[in-house]
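Please read it alongside the sequence and the structure shown below.

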Amino acid sequence: MIGRRAVKAHIRDFKQAREAARRHALEVEVPRLGALALSEFPESPMHTLPHPVIVTLTSYPARFATLHLTLRSLLLQTVRPDAIALWLTREDRALVPEKVTELEALGLKIETCTELRSYKKIVPALKAWPEAVLIAADDDLYFPQDWLERLLAAYDGKSVQCHRAHRIRSTWSGRPRPYADWDRYLTAATSGSMIFPTSGGGATYSADLLHEDVTREDLFTELAPTTDDVWLYFMTRLAGRHASKLAGQFHLIEWPGSQETNLKGANLYGEGNDKALSAMTRYYGWPR
């Protein structure tokens, strides 16, 4: 009973902290981000890593109304990447609102690629910048100003650094238990083979941290078509690497109206993650 009470208290505290962070973002950050003139954006210092650093994300028309807020939060980071790359299909590129295109004056790169769904944020970037450190991000979130600085400070070239992760729980045979049974809401700094990054909240990838199959569209569209996090987890493990979660709880602060269409519900409640894990394990075996 004590254990159950402790778990319930942890979940309650997490939800309260998340709601407080959400209120702050919506009441303070939305007005600030939306009102800041382009000429008022500060010139942050460049990162100090010996490799190019590219923040990479994708989007689609249903998210375009709030996309500029996410991009503005990325452009206001305390350290500056070499580029922020927004990947869109050619059809969607023609629909981008002015609130987004005006940010090209601050260094935003709007790139075009084929339709790869959520994989657009990582696969084209791996091909375009094979020597770079890529920071994967989602298009519907508010990113605090120290988001990038903290990721780069932890970067070691040996593991995937991430703000948000789950711990996979396994069966007696070492295979993963269903996604619903995993340890979520991790707060402590932790690393290891069973740490599962959720890349949309921010994770560092590079070609030498990933298996050579990572850009194979024929495989990821068959094995994990809607679950890029599952694909990237396997690609990391198959390359003999693992993930490291930064200390603290990264709350997903989503813009109002941005969640009318998303993959999260299908993956979490429709067993999309479990299906992808099973398919990946059948094809590759469970990574050791």
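Buried means under 20% relative accessible area, exposed over 50%, and partly exposed in between, with a 1.4 Å probe and protein chains only. The model is predicted: local features need pLDDT of at least 70, side-chain atom pairs count only at pLDDT 80 or more, and totals for chains, interfaces and linings use all residues. Residues are numbered from 1 along each chain as its sequence is written, and side-chain values use heavy atoms, with hydrogens and water left out.

**Overall count**
- The whole structure contains 12 salt bridges, each defined as a side-chain nitrogen of Lys or Arg within 4 Å of a carboxyl oxygen of Asp or Glu.

**Arg72 and Glu102**
- Arg72 pairs with Glu102 in a salt bridge whose closest N and O atoms are 3.6 Å apart.
- This pair links distant parts of the chain, 30 residues apart: Arg72 belongs to helix H2 (residues 64-75), and Glu102 to the loop between helix H4 (98-101) and strand S3 (108-112).
- Helices (H or I, at least four residues) and strands (E, at least two) are DSSP runs, numbered from the N terminus.
- Arg72 is buried at 4% relative accessible area, whereas Glu102 is partly exposed at 29%.

**Glu104 and Arg93**
- Glu104 forms a salt bridge with Arg93, with 3.9 Å between the closest N and O atoms.
- Glu104 lies in the loop between H4 and S3 and Arg93 in helix H3 (residues 90-93), so the pair ties together parts 11 residues apart in sequence.
- Glu104 is partly exposed at 35%, and Arg93 is partly exposed at 26%.

**Arg177 and Asp181**
- The Arg177 and Asp181 side chains form a salt bridge at 3.2 Å, N to O.
- Arg177 is partly exposed at 32%, and Asp181 is partly exposed at 27%.
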